[in-house]
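These are my notebook entries from one sitting with this model.

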Amino acid sequence: MNSENDVLRVVGGKPLNGKIKVRGAKNFVSKAMVAALLAPGVSVLKNVPEIRDVHVVSDLLRLHGVNVDVNGADGVVTIDASHVELANVADVDTLSGSSRIPILFSGPLLHRLGEAFIPALGGCAIGGRPIDFHLATLRKLGATVDKEHEDGIHITAPNGLHGAKIHLPYPSVGATEQTLLAAVLAEGKTELSGAAIEPEIMDLVSVLQKMGAVISVDVDRTFRIEGVKELKGFTHTSLTDRIEAASWASAALATHGDIFVKGATQPEMMTFLNVFRKIGGEFDIQDEGIRFWHPGGDLKPVAIETDVHPGFMTDWQQPLVVALTQAKGLSIVHETVYENRFGFTKPLVQMGATVQLYRECLGSLPCRFQQRNYKHSAVIFGPTPLTGRDIDVPDLRGGFSHLIAALAAEGPSTVRGISLIDRGYADFRGKLAALGADFE
Ligand code: EPZ
């Protein structure tokens with residue numbers, strides 16, 4: 001992206017008011033597209049947002065000879081995986097660093113081809129983003145993983161994959177998806193305990209069941225998968241992106257605005273809605289979506305801890321922190337999922353916010369970062385007026401938070417690295433315009 005195009009000049013201080021529509025979940029649609037690889041047939045995915053992740057996965061599928069048609073306007077992706085072939089390593093490497101999704105191609109490619117080249121992964125700089133759980137799972141299911149070249153890994157399973165008993169040390173979303181995508185066609189039964197059960201994962205389970213898979217989940221978050229011989233294509237409409245919906249809700253609070261988010265659904269946002277209400281935000285659940293607004297008066301401070309589902313989602317905290325800079329008093333955020341997700345607060349402080357980061361766990365949840373050197377707790381004092389400034393976007397959700405801060409601040413801001421936001425927020429410029437934001 002050339003630098004000029006990658007900049008947004010914003011004049012803040014105006015409430016965001018209006019209606020926007022949010023489509024399917026970024027952290028589901030890419031996985032459903034990978035699942036299509038499991039079946040020698042045609043799959044149709046609907047309600048797909050126009051985001052970069054969809055194009056990265058489409059490109060990687062096409063490199064493996066798969067036919068992909070992306071209809072951005074209608075939000076429909078049609079995938080014909082009747083034919084799959086090994087991709088040329090050099091081509092795969094061109095996608096190195098672009099996303100974390102490629103690692104999920106491992107299981108499906110091992111089932112279809114007996115081997116896979118996976119490019120080095122990308123993903124937001126919010127922590128180490130290791131894939132040790134993924135590789136351990138693939139090895140337990142019978143794959144051989146070797147470090148082929150610094151740009152990625154080469155995985156083989158000449159005798160196919162077989163069921164296994166797998167326990168995740170931490171309920172990793174990606175590692176859970178890795179296991180599900182590999183176990184559905186593995187020989188025999190797989191038991192996956194300590195799994196993640198995010199709504200996006202349960203939508204992936206629905207897709208796999210539509211394809212012919214046999215999967216159940218117990219109350220203790222243990223998945224049981226019985227391998228089947230073959231799967232067939234699916235037709236599925238994605239659940240709405242609850243992260244994007246919550247991001248716009250936080251923008252309504254931070255800018256004293258009133259935003260109707262078409263497509264937002266209550267069950268998946270339950271925990272967010274409780275916090276939104278405790279801060280003093282108002283919301284109205286309607287059939288077509290949810291209306292979020294700032295009712296006037298002071299916002300109240302809160303103490304929150306991020307956690308795996310059904311806890312408060314880590315991806316919700318960054319946009320909400322901007323609203324907390326406008327709450328009257330001290331708020332606390334204990335980030336227990338990623339060790340390094342508060343980098344985005346530095347520009348907020350430069351804009352006038354009062355945010356202090358701590359290495360201590362400021363909460364009661366058990367946390368892997370307790371005795372380590374990560375500043376993973378934040379205390380936010382407000383209300384503090386924000387002043388516009390030049391900002392460089394650090395990661396996807398942090399970048400959206402900077403955009404909200406610029407919209408809430410008095411005066412002009414220049415936000416650089418805007419293309420990072422395109423990864424997860426479809427047509428956000430169009431949405432900002434629909435909400436009356438002043439930007440170019
Ligand atoms: C998914 O990332 C999402 N991304 C993230 O959203 C989301 O924040 C995260 O899940 C948690 O909900 C996509 O789905 C593309 P994890 P993922 O594996 O799967 C550790 C966004 O902004 N871990 O659940 O990569 C890891 O270090 C993004 O949309 C290992 O130690 O997250 C982290 O501390 C940001 N070893 C924790 O687990 C592993 O092999 C959670 O990571 C894998 C993970």
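**Cavity.** I listed the lining of the largest cavity: Val22, Arg23, Gly24, Pro49, Ile51, Asp241, Glu244, Gly424 and Ala426. By class I get four nonpolar, two polar and three charged residues there; Ala, Val, Leu, Ile, Met, Phe, Trp, Tyr, Cys and Pro count as nonpolar, Asp, Glu, Lys and Arg as charged, and the others, Gly among them, as polar. The space in the largest cavity is about 30 Å³, and the structure holds one cavity of 30 Å³ or more.

I note the terms. On a 1 Å grid over the protein atoms alone, a cavity is a set of points where a 1.4 Å probe fits but cannot get out, whereas a pocket is an open set with protein on both sides within 12 Å along at least five of seven lines; a lining residue has an atom within 4 Å of a point. Points are joined across faces, edges and corners, and a volume is the space filled by probe spheres set on them.

**Source.** The model is predicted: local features need pLDDT of at least 70 and side-chain atom pairs count only at pLDDT 80 or more, while totals for chains, interfaces and linings use all residues. Residues are numbered from 1 along each chain as its sequence is written, and side-chain values use heavy atoms, with hydrogens and water left out.

I read a volume of about 1100 Å³ for the largest pocket. Its lining has 46 residues, of which Arg100, Arg129, Val173, Gly174 and Tyr338 are the closest to the centre. Two or more lining residues come from each of helix 1 (26-35), helix 5 (132-140), helix 6 (173-183), helix 10 (314-324) and helix 12 (396-408); helices (H or I, at least four residues) and strands (E, at least two) are DSSP runs, numbered from the N terminus. I sorted the pocket lining into 19 nonpolar, ten polar and 17 charged residues.

**Helix pairs.** Which helix does helix 10 pack against at about 20°? The partner is helix 12, with the axes 8 Å apart. The pair is therefore roughly parallel (angles under 35 degrees). I also checked helix 4 (residues 106-113), whose axis comes within 7 Å of that of helix 6 and crosses at roughly 15°. Helix 4 is thus roughly parallel to helix 6.

**Backbone.** Most residues other than glycine have a negative phi, and most peptide bonds are trans. I found a cis bond from histidine 309 to proline 310, with omega near 10°; proline 310 sits in the loop between strand 17 (303-305) and helix 10. Glycine 382 and proline 383 are also joined by a cis peptide bond, omega about 0°. Arginine 221 has a positive phi of about 65°, in the loop between strand 11 (214-217) and strand 12 (223-226).

Notes. Axes are lines fitted to C-alpha atoms, for helices over the stretch in contact, and angles run from 0 to 180 degrees between N-to-C directions. Angles under 35 degrees count as roughly parallel, over 145 as roughly antiparallel, 65 to 115 as roughly perpendicular and the rest as oblique.
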